[in-house]
Amino acid sequence: MPSQMEHAMEMMMFTFYQFAGDKGYLTKEDLRLLMVPGFLENQKDPLVLDKIMKDLDQCRDGKVGFQSFFSLLAGLTIACNDYFVVHMKQKEKK
């Protein structure tokens, strides 16, 4: 039986390849479909997806590989965790 960590890793890889398909990379449109709709809708900057794509597409070929995708996941997860920790501390003070 896989550990929780193995299951999480498998889910990240499965999600990437579900959107990347046989081509093995994500496009800007793939990222748009993949991103949590609420995340993109709640951004004050309408160009946030363009900026994310620019940061991830280091070769400037319109392709985002698994390593860049994983970097995005790591960054978003860290940001969400930071928000969660602050929110939970504020909740405990009440």
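In this predicted model, the side chains of Asp 50 and Lys 28 meet in a salt bridge, with 2.1 Å from N to O. Because Asp 50 belongs to helix α4 and Lys 28 to helix α2, this pair ties together parts that are 22 residues apart in sequence. Asp 50 is partly exposed, with a relative accessible area of 32%, and Lys 28 is partly exposed as well, with a value of 38%.

The structure holds three salt bridges, which are set out in the table.

| Salt bridge | N to O distance |
|---|---|
| Asp 50 and Lys 28 | 2.1 Å |
| Arg 32 and Glu 29 | 2.6 Å |
| Lys 23 and Asp 30 | 3.0 Å |

Side chains of opposite charge can pair when their charged atoms come close. Arg 32 and Glu 29 are three residues apart in helix α2, so about one helical turn separates them. Arg 32 counts as partly exposed at 40% relative accessibility, and Glu 29 counts as partly exposed at 41%. In the bridge between Lys 23 and Asp 30, Lys 23 counts as partly exposed at 37% relative accessibility, whereas Asp 30 counts as buried, because its 11% lies under the 20% limit for that class.

When residues up to four places away in sequence are not counted, Ile 52 touches Met 35, Phe 39 and Leu 72. In soluble globular proteins, nonpolar side chains tend to be buried together.

Helix α5 has 28 residues, which at 1.5 Å a residue should span 40 Å, and its end C-alpha atoms are 40 Å apart, in agreement with that expectation. The buried residues of α5 are Ser 68, Phe 69 and Leu 72, and what covers the buried residues of this helix includes α1, α2 and α4.

Helix α1 can be checked in a similar way: its 17 residues should span 24 Å at 1.5 Å a residue, and its end C-alpha atoms are 24 Å apart, which agrees. Just after α1, Gly 21 takes a positive phi of about 60°. Met 9 has its place in helix α1 (residues 4-20) and counts as partly exposed at 40% relative accessibility. Together with Met 5, Met 13 and Tyr 17, Met 9 makes a nonpolar surface patch of about 430 Å².

Definitions and conventions:
Residues are numbered from 1 along each chain as its sequence is written. This is a predicted model: local features need pLDDT of at least 70, side-chain atom pairs count only at pLDDT 80 or more; totals for chains, interfaces and linings use all residues. Side-chain values use heavy atoms; hydrogens and water are left out. Patches are made of residues with over 30% relative accessible area and no salt bridge: like charges are joined within 9 Å, nonpolar side chains (Val, Leu, Ile, Met, Phe, Trp, Tyr) within 5 Å. Accessible areas come from the Shrake-Rupley method with a 1.4 Å probe; for residues, only the protein chains shown count as cover. A salt bridge is a side-chain nitrogen of Lys or Arg within 4 Å of a carboxyl oxygen of Asp or Glu. Helices (H or I, at least four residues) and strands (E, at least two) are DSSP runs, numbered from the N terminus. Buried means under 20% relative accessible area, exposed over 50%, partly exposed in between (1.4 Å probe, protein chains only). Contact means heavy atoms within 4.5 Å. The expected span of a helix is 1.5 Å times one less than its number of residues.
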